[in-house]
There are 2 protein chains.
Amino acid sequence: MINKLITKIRQTGAPIVVGLDPMMKFIPRQIQEAAYAQYGETLEGAAEAIWQYNKGIVDAIHDLIPAVKPQIAMYEQFGIPGIIAFKKTVDYCREKGLVVIGDVKRGDIGSTSEAYAVGHLGKVQVGEKSYYGFDEDFVTVNPYLGSDGVKPFIKVCQEEKKGIFVLVKTSNPSSGELQDRLSDGKPIYELVGEQVAAWGQECMGDGYSYVGAVVGATYPEQGRILRKVMPRTFILVPGYGAQGGKGADLAHFFNEDGLGAIINSSRGIIAAYQQEKYARYGAANYAEASRAAVLDMREDIAGALAARA
Amino acid sequence: MINKLITKIRQTGAPIVVGLDPMMKFIPRQIQEAAYAQYGETLEGAAEAIWQYNKGIVDAIHDLIPAVKPQIAMYEQFGIPGIIAFKKTVDYCREKGLVVIGDVKRGDIGSTSEAYAVGHLGKVQVGEKSYYGFDEDFVTVNPYLGSDGVKPFIKVCQEEKKGIFVLVKTSNPSSGELQDRLSDGKPIYELVGEQVAAWGQECMGDGYSYVGAVVGATYPEQGRILRKVMPRTFILVPGYGAQGGKGADLAHFFNEDGLGAIINSSRGIIAAYQQEKYARYGAANYAEASRAAVLDMREDIAGALAARA
């Protein structure tokens, strides 16, 4: 799957993943009203609104991007109907040929991580038969429990040719409280990065590993260090746009081959029509605004990569 | 909710939480066959088997224990039907008066942790109305992202009078890889424990905080230290029984008031009929075997607490 991701990045010229993290305040009124007219102001109504909103965006941008990253929390908050909308979104994006990164940040003790890995990436056994549960292509994984919380995911990745991105240095303001602490003279994020690189050697694609890392755009200096610590690791970079990361901050997340990183933007793309810059599209054309924002983001990143040469 | 948990611990004399972590290999054949007869060997069939199995156990033991802890991964692996079985289990246990600890180990950047907190503990807004998504009483939370990943949960706990247990020192063999690393002369688990104690001061119940901690029974020495670092923190202690923790290891997790800890057992209770000790019950009476195992566990813990006096 890492090979497919890289192929699609090359085809589109866009090392971009769009975060499908719908919040009700992003969803145009006409979509909410249509959903509530059908299902009432219920969890089912909210889930329908999310699904229609996502579908509009995916239809408008799927040819421009290699991947999407639905954040499951934004669906899980609407209970079971929300989870159903998550699954519909995953399936629809895969039908459109997109690589789907489930941003689930799971991680637990061994037998439990195995259940998460099976549920999100693999197949579960039921009597004589087996079924995919959620069937994303990649998921994000939390490393706090150590190797035996991560290895069950790696095992399923090897069987299914799928992948993971392990949290190393997250984009949020307080990520340093734990991740920047020094131990044996190195920050925790660097020690976790070394582990990610070691785990990654167990499942290499053509040039990069199936085991990737998450490093926030908001921490470019740490990104520069981690790029060297994990040379064959693909880095998923959240925090561009709304969280404050800029194109120029991103160059050091990439290797000299122009690969090795994929930059996430969520509300900067999916709620573009709410920004002054794209306000001319209006809520009725929210998906076209998202398309324009993807094109601008592609240009911003290409410019940043060209400027470092 | 911490007050309710403590009241129920006192009433039952059992600082015990039963982990409702169903694996297909635990579920008696007659339950699986009945479920498959109705739904086929499908995800729906597996979910029905899980639900009937759980219901049998809860009916047999609910008067003996204060709380249950369903591990959502064991449900999530069966996709949406699995999640529906999780929700049915949560609702049924609450109807029976049990405190429900959702073992979800969520944790993310601020806005995303807020969505998880709303979905699992709070109410989500849909138009003019609001709804509970999963509506557990407590959830477990992963601290890797720092304060801004945890505080949204605390905010919802304050509003809803619910609680969380933050992972501090987990029960699995490799938990030390990250959690035991020394920083400023202290292990990470102790530094996280100090944070948990500080967060906990923002939401105190009568004697203990709504913000609890997870510390594995398999690490009794660390439990002794953490008991002192977090004097008003309730500790959820997994790892008893199948993972190797014994009653005698548990005494130091408790305060002198006999409170401050709740010990989890999962397969040791729910799959008791598969142990030689309870084999006489047979698969047909699996729930009675679980009841006997709860009574033995209660005695083991009471003995350990008495022995330290």
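Me: Hi! Before we get to the fold, when do two strands count as paired here?
Reply: Two strands pair if DSSP finds at least two bridges between them. Keep in mind that this is a predicted model.

Me: Thanks! So what do the strands of chain B build?
Reply: Eight strands of chain B form a closed barrel, in the order E1-E2-E3-E6-E7-E10-E11-E12, and the pairing is parallel.

Me: Let's zoom in on E6 and E7. How many bridges join those two in chain B?
Reply: Four bridges join them: E6 of chain B covers residues 138–141, E7 of chain B covers residues 163–169, and the two run parallel.

Me: And which residue stands opposite B:Val141?
Reply: That's B:Val166, which belongs to E7 of chain B.

Me: Nice. Which helix lies across those strands?
Reply: Helix H7 of chain B, residues 147–160, lies across E6, E7 and also strand E10 (211–215) of chain B. H7 runs at about 150° to E7 of chain B.

Me: Switching topic: how many residues does each chain bring to the contact between A and B?
Reply: Chain B gives 58 residues and chain A gives 58 residues. On the chain B side, 25 are nonpolar, 23 are polar and ten are charged.

Me: What rotation puts chain B on chain A?
Reply: A rotation of 180°, with 0.0 Å of shift along its axis, superposes chain B on chain A at an RMSD of 0.0 Å. That is why the two chains are related by a two-fold axis.

Me: Which C-alpha of chain B is nearest the axis?
Reply: The one of B:Ser183, 2.4 Å from the axis.

Me: And how much of chain B's contact surface recurs in chain A?
Reply: 100% of the contact residues of chain B recur in chain A, so the same surface serves both copies.

Terms used. Residues are numbered from 1 along each chain as its sequence is written. Chains are lettered from A and ligands numbered from 1 in the order in which they are written. This is a predicted model: local features need pLDDT of at least 70, side-chain atom pairs count only at pLDDT 80 or more; totals for chains, interfaces and linings use all residues. Two residues are in contact if their C-beta atoms, placed from the backbone, lie within 7 Å. Axes are lines fitted to C-alpha atoms, for helices over the stretch in contact, and angles run from 0 to 180 degrees between N-to-C directions. Ala, Val, Leu, Ile, Met, Phe, Trp, Tyr, Cys and Pro count as nonpolar, Asp, Glu, Lys and Arg as charged, and the others, Gly among them, as polar. Copies are superposed by least squares on the C-alpha atoms of residues with pLDDT of at least 70 in both.
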